[in-house]
Amino acid sequence: MSLLTAEDQEWMLKTNSQYMEMIKVVMNLATASLVLPLFFVKNFVAQKDGQSPSQSFHWQAYSSWISLLLSLLFGLIFCWASAKYVKVVS
């Protein structure tokens with residue numbers, strides 16, 4: 001016996017799908033943000049002879065990459081939890 005009405009279930013599922021769309025956008029932006037700095041440093045920053053592109057980055061770049069990786073991880077956890085939530089509500 002379900003305690004939720006059909007309208008409540010529909011509203012919850014619609015809200016969940018909107019959250020999923022938002023998380024997909026955030027994950028796409030985080031993934032692009034991980035790659036773009038490497039591209040820009042490799043192509044637009046003047047490198048000294050024998051210097052690798054990784055030597056152009058400071059600790060702030062590495063900490064931002066850690067934050068972006070964490071946002072991807074939490075996005076994946078949210079997607080997993082959302083799938084479980086949809087299964088319970090349905």
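This note comments on the nonpolar core, a nonpolar surface patch and the salt bridge of a predicted model.

1. Composition of the core. Nine residues form the largest nonpolar core: Ile23, Met27, Ala30, Leu34, Val41, Phe57, Ala61, Trp65 and Leu72. H1 provides the largest share, with five residues. As a general background, nonpolar side chains in soluble globular proteins tend to be buried together.

2. Contacts of Leu72. Leu72 is one of the core residues. When residues up to four places away in sequence are not counted, Leu72 touches Met27, Ala30, Thr31 and Leu34.

3. Nonpolar surface patch. Ile66, Leu70, Leu73, Phe74 and Ile77 make a nonpolar surface patch of about 480 Å². Phe74 lies in helix H2. This residue is classed as exposed because its relative accessibility is 53%, the cut-off being over 50%.

4. Salt bridge. The count of salt bridges comes to one. It joins the side chains of Glu21 and Lys24, with an N to O distance of 3.6 Å. The two residues are three residues apart in helix H1, and therefore about one helical turn separates them.

5. Glu21 has a relative accessibility of 46% and so counts as partly exposed. Lys24, at 41% relative accessibility, likewise counts as partly exposed.

Definitions and conventions:
Residues numbered from 1 in each chain as written. Predicted model: local features only at pLDDT ≥ 70, side-chain atom pairs only at ≥ 80, totals over all residues. Heavy atoms only, no water. Core = buried A, V, L, I, M, F, W, Y, C linked by side-chain atoms within 4.5 Å. Buried < 20%, exposed > 50% of the residue type's maximum accessible area, 1.4 Å probe, protein only. Helix = DSSP H or I, 4+ residues; strand = E, 2+ residues; numbered from the N terminus. Contact = heavy atoms within 4.5 Å. Patch = residues over 30% accessible without salt bridge, like charges linked within 9 Å, V, L, I, M, F, W, Y side chains within 5 Å. Areas by Shrake-Rupley, 256 points an atom, 1.4 Å probe, with all protein chains shown as cover. Salt bridge = Lys/Arg side-chain N within 4 Å of Asp/Glu carboxyl O.
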